[in-house]
Amino acid sequence: MDYFIKLLLSGTAKGSIYALIALGYTMVYGIVKLINFAHGEVYMIGGFTALIVGGFLSTLGMSIPVVLLFSILASIIYSSAFGFTIERLAYRPLRNKSRLSALISAIGISMILQNFIMLAQTEKYLPFPSYLPDLPFLQPVREYINSTQFIILITTSFIMIILTIIIKFTRIGKAMRATSQDKQMAQLVGVNINQVISVTFVIGSSLAAIGGVLICSYMGQINYYIGFVAGIKAFVAAVLGGIGSIPGAVLGSFILGWTESLGTGFISSDYEDAYAFIILILILILKPDGILGKNQKQKV
Amino acid sequence: MKRSIVVLSVLALAAVLITVGCQKKVTETIKIGVAGAHSGDLASYGLPSVNAAKLVVEGVNAKGGINGRMIELFIEDDQCKPEVATNTASKLVSDNVVAVIGHICSGATKAALGIYKDSKIVTVSPSATTPTLTQSGEYPNFFRTIAPDDAQAKLATMFIKDKLGIKILAVLHDKGDYGKGFAELVKQYAEAEGIQVVLFEGVNPGAPDYSAIVNKIGNSGATAVVWGGYHPEASKLVQQMKDKGMDLPFISDDGVKDQTFIDVAGKYAEGVYATGPMDTSANPMAIKAAADHKAKFGDDPGAFFLNAYAATQAVVNAIQKAGSTDFEAVSKALRSEYVETTLGKISFDARGDVIGFGFSVYQVQNGKYAELK
């Protein structure tokens, strides 16, 4: 039983890592109907920005909380700028073309950014300093959950709530929903859809940046390739929960984390990916729009 | 129209004459290929061999080459990927190289070897350690200046049994050719020595989180962990184990015996064991090679630098002794001649494995790998 709880908690921690990235994925998909494959790369860039800014501030002798705050801020700003620019350059010109064009463009951007970071920074693995505090009250239960995992879990829940509030109750959220339902009609009633989509990308990229800082702190390392692996898993999680749905992304991530963790614990870690994809296939057969996805009727 | 054709053919003829004229003056160079990961996340294993080959060749050419013929290097990147390595190999074959220093990763080496075998090209890898590359007898053209994994696994197992006194073992690997090969051998030897292997599993390389498998190690009752694979996953594993308060001995392979591992894992690396090639830092030739590297490239040489240096020295020596670049003669010279290299005095046995150089166990002590005697 103790072992089961340990596995469940490590699955929860894993799920919250996936969820941090899946939230941005699903949000962009929900509004623009575009699978933003470059999202994983924005997350990686967020991590690198925090590493560079954090390293710089540390050498100036600032205390760890200040370094953490400023490096998160810097990576949010820098990643948002990336997200905004990517949308302007790679997606907006293709907005009225077939969806496949934008998808291919997204894959292209993902490769460009990976190679850009590899060339501009390094191809090596770099140590990522642990800026996150070691919470003393978790010390007795660290076999079950450690403070970094706990912080990631809390942040994920918090972000999910904030996003839901933004989308459900604010003016820009209303505009986002309108844009998602029908771009043309939204435009006719005076919604500036360009602005709405830019804001969506900025929010999505900020989430990726926060994810980058937290997850890299957890892993203790960073490399130009981390965005790809994480992006694929987050994508699966988002589809599992119903892509476009904010609570769905979180639920999907947890299901993915639990499946992988329990599968590893009780069967074998050799087939970790297989468990994830078996669950995905089952859910897509039974409920093609994902667990919490809306069933959208296609007009013929 | 007609006139331009005439002019063109005259020009073409002249060009041919010029190139023929040039070739007559200079004797043909001896072409040696250098292949391995020069980009991608394993580039830190491949780039040092390029520098090593360049340094050796520079030295030989400065002294007038081999029997008056200059050496020319052809450097090709395989990114450690088997599918790229076959292209790399075909490219080198079409460049008419007589020998190849490389490849770096075992998987890529295996993919490329068949192509070199068909074209009769001697291949000397500084780092490919999968045992079957030599033991299968399939590749008479293959040599290596590193001991194979089974030597490494044997040493690691005996160390676990005799020095650490471990009875129950967990063995993990990254599902790759190299890591899984090492892990399987450790399991095999450990069971033969009476050590109980309670956990033998592969994990996903690159995954952000290994806490589930760490829990499983804790639950299995193992008193030590063996990792077959490379350093990025190893540092995440030791970190997540120690974060959970599990302080088991962690024993790994040459893929982890790299300063990058210690840089990335930081304080978590302390106490980790890894097997790696014998320490050659007292060898005067190795010291000179490292100094030359520093002078020319501005930093300390990386992984497998000395192995690649020795591989190039062995090839140069064999061509010199054979007096030709003929495949049979060169491979015979590699097997029969002893040569003084950065690894010590080495030669190759009938299967192509190096004689005179092997593995030691290292431990991370105060942020550095220290050889355990």
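This is a predicted model: local features need pLDDT of at least 70, side-chain atom pairs count only at pLDDT 80 or more; totals for chains, interfaces and linings use all residues.
Residues are numbered from 1 along each chain as its sequence is written, chains are lettered from A and ligands numbered from 1 in the order in which they are written, and side-chain values use heavy atoms, with hydrogens and water left out.

Let's start with helix H3 of chain B, residues 82-94. Helices here are DSSP runs of H or I with at least four residues, strands are E runs of at least two, and both are numbered from the N terminus. With 13 residues at 1.5 Å a residue, H3(B) should span 18 Å, and its end C-alpha atoms are 19 Å apart, which agrees. That expected span is 1.5 Å times one less than the number of residues.

Which residues of H3(B) are buried? They are Ala85(B), Thr88(B), Ala89(B) and Leu92(B). These four cover an arc of only 100 degrees around the axis, so they sit on the same side of H3(B); the arc is taken from the directions from the helix axis to the C-beta atoms. Buried means under 20% relative accessible area, exposed over 50%, and partly exposed in between, using a 1.4 Å probe and protein chains only. On the face turned away from the buried side, we find the exposed residues Glu83(B), Asn87(B) and Ser94(B). Just after the helix, Asn96(B) takes a positive phi of about 65 degrees.

Now, salt bridges. The structure holds 21 of them over all chains, each being a side-chain nitrogen of Lys or Arg within 4 Å of a carboxyl oxygen of Asp or Glu.

In chain A, Glu260(A) pairs with Lys14(A), with the closest N and O atoms 3.4 Å apart. Glu260(A) lies in helix H10 and Lys14(A) in helix H1, so the pair ties together parts that are 246 residues apart in sequence. Glu260(A) is buried, at a relative accessible area of 0%, and Lys14(A) counts as buried at 2%. Both belong to a salt-bridge network that also links Lys233(A), Glu272(A) and Asp273(A).

In chain B, Arg144(B) forms a salt bridge with Asp353(B), the closest N and O atoms being 2.7 Å apart. Arg144(B) and Asp353(B) are buried.
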